[in-house]
Amino acid sequence: MLSLTVAAVVFGVVFLAELPDKTALAGLMLGTRYRASYVFAGVAAAFLVHVVLAVAAGSVLTLLPHRLVQGIVGVLFLVGAAMLLLKKDDDEDEQARTPADQSFWKVAGSGFMLILVAEFGDLTQIMTANLAARYDDPLSVGVGAVLALWAVAALGILGGRTLMKYVPLRLITRIAALLMLGLAAFSLYEALA
């Protein structure tokens, strides 16, 4: 059964963590060159693959003793928060090999491959696995994470430049790090209590 509360928490955490990520910039780059719907189809499919893998990994963690899992999850959230806070603010955008024409399969395939490679082992994939282990609700975590990643992709493809004019990247990164610190503290408290 889908828990809207869990899905909403996961959506918020993953959305804020993914917004300043390189994949949002890659989506923006592809979206400025190719038909947005084609780019989104490929990017959305790649994110779906990543969330399924992350939720599966997180679900395996639930087989371990609860206190141990909470301790591991807490430490991983601390690592994620540190990665966000210590991350250099360089706006490097990885250039993808671009298709020669506007065909759906070439554009969607380029978006899929770019995100599939760029996101593998990425912070949000690790966070999704942590959240799946924490909540032991793979459906709700999966839905929240997929919707968050798709929302960031849509923003990056359709209006990333405008958003970044009004909301500083540094502020978004700090909010995501604070949320992760809060989740880390809560998880570690549950592990020790």
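**View 1. Phe-77, a buried residue.** With a relative accessibility of 0%, Phe-77 counts as buried, because anything under 20% falls in that class. Keep in mind that this is a predicted model. Phe-77 has its place in helix H4. What does Phe-77 touch, once residues up to four places away in sequence are left out? The list is Asn-130, Leu-131, Met-180, Leu-183, Ala-184 and Ser-187. Ile-126 sits 49 residues from Phe-77 along the chain, yet the C-alpha atoms of the two are 9.1 Å apart.

**View 2. The whole chain, for orientation.** Let's step back for a moment. There are eight helices here and zero strands, so to read the elements from the N terminus on is to read α-α-α-α-α-α-α-α. The chain has 193 residues, and 45% of them count as buried. Take the contacts between residues at least 6 apart in sequence: 92% of these join residues at least 24 apart.

**View 3. Helix H1 against helix H6.** Two packed helices are described by the angle between their axes and the distance between the axes. Here, H1 covers residues 4–18 and H6 covers residues 123–135; their axes come within 10 Å and cross at roughly 160 degrees. Angles over 145 degrees count as roughly antiparallel, and H1 and H6 are therefore roughly antiparallel to each other. Left-handed or right-handed, how do H1 and H6 cross? Their crossing is right-handed. From H1, the contact is made by Val-6, Val-9, Val-10, Val-13, Val-14, Ala-17 and Glu-18, while H6 brings Thr-124, Met-127, Thr-128, Leu-131 and Tyr-135. Sorted by type, the residues of this contact come out as nine nonpolar, two polar and one charged.

**View 4. Zooming in on Val-14.** Val-14 is one of the H1 residues in the contact with H6. Leaving out residues up to four places away in sequence, Val-14 touches Thr-124, Met-127, Thr-128, Leu-131, Ala-145, Ala-148 and Leu-149.

**View 5. The largest nonpolar core.** This core has 39 residues. Which of them have the most contacts inside it? They are Val-10, Val-14, Val-39, Met-127, Leu-131 and Val-141. The elements that give two or more residues to the core are H1, H2 (22–33), H3 (36–61), H4 (66–86), H5 (104–119), H6, H7 (138–166) and H8 (169–192). H7 gives the most, with eight residues.

Definitions and conventions. Residues are numbered from 1 along each chain as its sequence is written. This is a predicted model: local features need pLDDT of at least 70, side-chain atom pairs count only at pLDDT 80 or more; totals for chains, interfaces and linings use all residues. Side-chain values use heavy atoms; hydrogens and water are left out. Axes are lines fitted to C-alpha atoms, for helices over the stretch in contact, and angles run from 0 to 180 degrees between N-to-C directions. Helices (H or I, at least four residues) and strands (E, at least two) are DSSP runs, numbered from the N terminus. Angles under 35 degrees count as roughly parallel, over 145 as roughly antiparallel, 65 to 115 as roughly perpendicular and the rest as oblique. A crossing is left-handed if the near helix is turned anticlockwise from the far one by less than a right angle, and right-handed if clockwise. Contact means heavy atoms within 4.5 Å. Ala, Val, Leu, Ile, Met, Phe, Trp, Tyr, Cys and Pro count as nonpolar, Asp, Glu, Lys and Arg as charged, and the others, Gly among them, as polar. A nonpolar core is a set of buried Ala, Val, Leu, Ile, Met, Phe, Trp, Tyr and Cys residues joined through side-chain atoms within 4.5 Å. Buried means under 20% relative accessible area, exposed over 50%, partly exposed in between (1.4 Å probe, protein chains only).
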